[in-house]
Amino acid sequence: MPEWKIEHDRPNCIGCGACAAVCPASWTMSPDDGKSDLVGAREKKEGGEIVLEELEFDDIKCNKEAAETCPVNVIHIIDLKTGEKVI
Ligand code: SF4
């Protein structure tokens, strides 16, 4: 069972590119709107817009650095064992 869940509050992403720079295995920049995308994530949509991307991981690897680097704090990490939001 995965240990971590990453959530991306995509509407509030400012497209700075920091997450993709520090963690390119998990983050790409969209050529459509300039925001980042969490590779392989499930998308929650409202009115055709992606409002949340989420994905479970066994090992968060560089995603912790991506979350800590994000200047607008829109990447969150949840410990699935405790339900606690660690970032
Ligand atoms: S670091 Fe944050 S604001 Fe910058 S592209 Fe990634 S999610 Fe968006």
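**Exercise 1. What percentage of the 87 residues in the protein do buried residues make up?**

Solution. Start with the ground rules. This is a predicted model: local features need pLDDT of at least 70, side-chain atom pairs count only at pLDDT 80 or more, and totals for chains, interfaces and linings use all residues. Residues are numbered from 1 along each chain as its sequence is written.

Next, the cut-offs. A residue is buried if 20 or more other C-beta atoms lie within 10 Å of its own, exposed if 12 or fewer, and partly exposed in between, with C-beta atoms placed from the backbone. By this count, buried residues make up 22% of the 87.

**Exercise 2. Compare the radius of gyration of the protein with that of a compact globule.**

Solution. Take the radius over C-alpha atoms; the globule rule is 2.2 Å times the number of residues to the power 0.38. For 87 residues the rule gives a value near 12 Å, and the protein has 12 Å, so the two agree. Along the principal axes, the C-alpha atoms fill a box of roughly 35 × 30 × 20 Å.

**Exercise 3. List the secondary structure elements from the N terminus on.**

Solution. Helices (H or I, at least four residues) and strands (E, at least two) are DSSP runs, numbered from the N terminus. The protein has two helices and six strands. Their order is β-α-β-β-β-β-α-β.

**Exercise 4. Which residues come nearest to the ligand?**

Solution. A residue is near a molecule or strand if its C-beta atom, placed from the backbone, lies within 6 Å of it. There are 13 residues around the ligand, and Cys13, Cys16, Cys19, Ser36 and Cys70 come nearest.

Now sort the shell. Ala, Val, Leu, Ile, Met, Phe, Trp, Tyr, Cys and Pro count as nonpolar, Asp, Glu, Lys and Arg as charged, and the others, Gly among them, as polar. The shell holds nine nonpolar, four polar and no charged residues.

**Exercise 5. Describe the surroundings of Met29.**

Solution. Met29 lies in strand β2 (residues 27-29). Met29 is partly exposed, because 18 other C-beta atoms lie within 10 Å. Contact means C-beta atoms, placed from the backbone, within 7 Å. Leaving aside neighbours within four places in sequence, Met29 touches Gly17, Ala20, Gly34 and Ser36 by this test.

**Exercise 6. Where do Lys61 and Asn73 lie, and what is phi at each?**

Solution. Lys61 is in the loop between β5 and α2 (63-69). Its phi is near 45°, positive in a residue other than glycine. Lys61 counts as partly exposed, because 13 C-beta neighbours lie inside 10 Å.

Asn73 is in the loop between α2 and β6. Its phi is positive, about 55°, although Asn73 is not a glycine. Asn73 is exposed, because 11 other C-beta atoms lie within 10 Å.

Key. Contact = placed C-beta atoms within 7 Å.
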